[in-house]
Amino acid sequence: MYTQPNIAVVSVNTDLDVRGVPCVKAQIEQLINSGCRRIVLNMSEVSYIDSCGMGFIVCAVRRMKTLGGLMSLTNVQPTAFKALVRMGLIDFVPISTCAAKSRVTPLAPGTHPSFQTTFRVDPNKMCDARSRAIALMKTLPFTSDQKFDIELAVGEAIGNAIDHACEKGVLTTVSAYPDRVVIDVSDCGCGFSVSDDEEPPETGQFAERGRGVKLMRLLMDAVSIQEKPSGNGTIVRLVKMMS
């Protein structure tokens, strides 16, 4: 399980049946009671959901909504997804399947954004930076849940840059294209790169940033982390396709 204040990604390592639900339920209740208001259940290892599991999901999602939060399911396997569809939960719970991410193709040469805005992040007003990034997307065809996830991913990138790089040199650029939005968060700290197929480090100097990378990958269609050519800083690129 990966947690930050108000955010948690919980890997469900058991089927959500009468035997498996109590353990997962205890984890979720502990997170909610501690103030967590954004929970992502990674369902990649769940192949079966019975009525007990359905009831748990409904109650947890309803409770989070009552508290102004959100719980979603990601990496849902085909058999589990069919069960959720049959029970009519796909319109009630934000769900993404293991193959649900949109394919991100390179932009055609010469493609220009319909708009592009860059702003400097005040380290004492991170909430303003997240809100400004989302406000720039108000005319784009994203659902409220998608905007919630984008804001969370942007906040993760900005938070990492401020905590581990530099306080005054963080820039955020929002670019809108016909089929996607691209958000770049750049800093002037120690360069940090992770290839697309590389698992981020679990220990060492960049361990905490690495855990943030996992969260951003869950929420966005594409994430790239590249050291600046000068070596003085990192650029995190987040891409969300428009469905």
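Visitor: Which residues in the largest nonpolar core touch the most other members?

Guide: This is a predicted model, in which local features need pLDDT of at least 70, side-chain atom pairs count only at pLDDT 80 or more, and totals for chains, interfaces and linings use all residues. Residues are numbered from 1 along each chain as its sequence is written, and side-chain values use heavy atoms, with hydrogens and water left out.

A nonpolar core is a set of buried Ala, Val, Leu, Ile, Met, Phe, Trp, Tyr and Cys residues joined through side-chain atoms within 4.5 Å; buried means under 20% relative accessible area (1.4 Å probe, protein chains only). The largest such core has 38 residues, and M137, I150, I183, M216, M220 and L238 touch the most other members. Elements that give two or more residues to this core include strand 2 (7–11), helix 6 (207–219) and strand 10 (234–241); helices (H or I, at least four residues) and strands (E, at least two) are DSSP runs numbered from the N terminus. Helix 5 gives the most, with eight residues. Because domain 1 (7–97) and domain 2 (115–241) both contribute residues, this core lies between them; the domain bounds come from an automatic or database domain assignment.

Leaving aside residues up to four places away in sequence, M137 touches K147, I150, V174, V181 and I183, where contact means heavy atoms within 4.5 Å. A second, separate core of 30 residues has L16, M54, I57 and L89 among its members. Across the chain of 243 residues, 46% count as buried.

Note on methods
Buried means under 20% relative accessible area, exposed over 50%, partly exposed in between (1.4 Å probe, protein chains only).
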